[in-house]
Amino acid sequence: MKTKRQQALIYLLVLVAIVVLVIAFLPKGEEVPRKDLSEVIDMINNGEVKLVQINNDQELTITTTQDDQFKSTLLATYGGDFIERLEAKGVAYDVTYSSGFDWGTLFLTLLPFALIIGLFWFILRGARGASNQAFNFSRSRARLFTGTRPTVTFADVAGVDEAKQELQEIVEFLKSPEKFLALGARIPKGVLLVGPPGTGKTLLARAVAGEAEVPYYSISGSEFVEMFVGVGASRVRDLFEQAKRNAPCIVFVDEIDAVGRHRGAGLGGGHDEREQTLNQILVEMDGFDSSTNIIVISATNRPDILDPALLRPGRFDRQVTLDRPDINGRKGILQVHVKGKPLESSANLDIIARQTAGFSGADLANLVNEAAILAARRGKKTIGMVEFEEAIDRVIAGPEKKTRVISQKEKEIIAYHEAGHALVAKRLPNADPVHKVSIVARGMMGGYTRLLPTEERHLWTRSQFNDMLAVTLAGHAAEQLVFGELTTGAADDIGRATKLARKMVTTYGMSDKLGPRTFGHKDELVFLGKEIAEQKDYSDKVAEQIDEEVYSFIHRAHEVATEVLAKERDRLAWIAERLIAEESIEGETLERLFNDPVPAREERIPAEQSAN
Ligand code: ADP
Ligand code: MG
Ligand code: ZN
């Protein structure tokens, strides 16, 4: 902080020095000699004067009969007498009134004020504890928003077919809005792209503009964080003004979480600038009417911390999720990036895709680039499998590596874990249908099983909760059943199951033993938006009973899960094997795995897989 202020001071001093130098070397105004009025009159009387030009600054420019000129400031004011005299003597004259405005003078007059104001500004900035962004400030103000016309299309984005499908509608709207408006359709104003870093959010936003052939304007939420109060908001205004003028178009707000965090969270109050920027974005979006053909796309990898105001209808009410690519997705992304690069026949994209579990789109782009660099450095004309193999290691070991690569053993454990969730969910009557199973890492989770509720629910039954508990614990049960060993991968599940079981007992009165009453009283501190304290309104003896009941709910659920899995041990293996091979399964394929007779082990395992 201190050093930043010192830095600012140094900048200021340098600025002052430059100004002083400029003034010192500024071309001096010509020295204007002073003359007495009588002297001039003498010259006129002597017939030496041909032309007199007079301005309202008491300056005369006199052209003599010898055709030279001199300028003078008169010591005495002249008046009507003087003009009469000129006329009497037949001297031509010309009176000009200058406004007295002169840039140089103005500059010099205002300079001290400007410096003082500048100094105050710096001091105030320092006092506010804001970091020194003064120079960025002027730079960013100067940057005008010019839309680009991206040439990327959906063909350049691979492995995110669902997201592309969802965005297709936006593209069609941008292309021919009248078609939608004629039917009175409400067009989405905002789409939120959610996904881990490097999954192609920015790329996809540009591709939407590219597909629709409309201009693309972009800003990043992180640009605003360090700015002056008011600047972010005015930049947003500028941006939307530009966008409106060039509609239909796309406005892309990258990293919206940087400005769109929960407002007013935390005790110290929000960040003024962020809040103002966010408010301005919302104001702009609310100001769209049905004829505004602007679609605002924003991206985040932290949807959990977003201000709920952003997600309200008429704002970013559409969410499009981008997952890390599965094996087919990775192959597709590799194909996009090797386009135009000469590959050796040895380079097998299928194998590379299989070896790069956990890689994001950005990692794969990077991988192809590294391989090309390696080949070039070896003086080769084509990229071979050796280079790809080496590039994989490099990307994994890269300097700021966040990519988690999953070993074959881990993959197997995760596959059984997820297959366990899926199979139990499928078999229990009160669980929601299974929509998709995947072992592609997502956040801290190894994989995920997505259930799709058939209807919106407002009431839950105890049977539904019990089945849900069993499904939640099924990953753990599968690991135990198959490997006889447990991993940390189930920690999250166990936490959720415990919470649910506890709620069943203490909040919903679903324990027969303890009966229909609530235990504990939670204070919700509104300004924190989180439960912060629990008041215990029961005895220690009851506390023990609660624990016992929670345990028995969980224990029973775990038993149910284990039972289902043990009965279909072979099917569990079959699903897990398919998951290892394909990484994510949904739809018909998934249904077949649930319902078809399980083939014998020798038939199930593809030759390439058993080699691993
Ligand atoms: P994000 O915005 O989600 O962090 P980016 O869109 O910035 O990711 O991706 C960075 C780069 O990685 C892209 O420019 C592209 O080269 C590559 N990339 C990422 N995802 C994909 C994908 N699905 N298909 C093709 N290339 C991708
Ligand atoms: Mg991005
Ligand atoms: Zn799990």
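Helices here are DSSP runs of H or I with at least four residues, numbered from the N terminus. This is a predicted model, in which local features need pLDDT of at least 70, side-chain atom pairs count only at pLDDT 80 or more, and totals for chains, interfaces and linings use all residues. Residues are numbered from 1 along each chain as its sequence is written, and side-chain values use heavy atoms, with hydrogens and water left out.

Start with helix H6, which spans residues 161-175. Glu 162 lies in H6. Glu 162 counts as partly exposed because its relative accessibility is 39%; the class lies between buried (under 20% relative accessible area) and exposed (over 50%), with a 1.4 Å probe and protein chains only.

Glu 162 also belongs to a negative surface patch, together with Asp 161, Glu 166 and Glu 586. Such a patch joins like charges within 9 Å, using residues with over 30% relative accessible area and no salt bridge. A salt bridge is a side-chain nitrogen of Lys or Arg within 4 Å of a carboxyl oxygen of Asp or Glu. H6 gives the most to this patch, with three residues.

Now move to helix H13, residues 361-377. Its 17 residues reach 24 Å from first C-alpha to last, close to the 24 Å expected at 1.5 Å a residue. That expected span is 1.5 Å times one less than the number of residues. Several residues of H13 are buried, among them Leu 364, Leu 367, Val 368 and Ala 371. An α-helix has 3.6 residues a turn, so residues three or four places apart point the same way. Gly 379 follows H13, with a positive phi near 70°.

End at helix H17, residues 491-506, which holds Asp 492. Asp 492 is partly exposed, because its relative accessibility is 45%. Its C-alpha is 10.0 Å from that of Leu 473, 19 residues apart along the chain.

Key. Chains lettered and ligands numbered in written order. Patch = residues over 30% accessible without salt bridge, like charges linked within 9 Å, V, L, I, M, F, W, Y side chains within 5 Å. Areas by Shrake-Rupley, 256 points an atom, 1.4 Å probe, with all protein chains shown as cover. Lys, Arg positive; Asp, Glu negative; His and termini not counted. Charge placed at Lys NZ, Arg CZ, Asp CG, Glu CD. Helix = DSSP H or I, 4+ residues; strand = E, 2+ residues; numbered from the N terminus.
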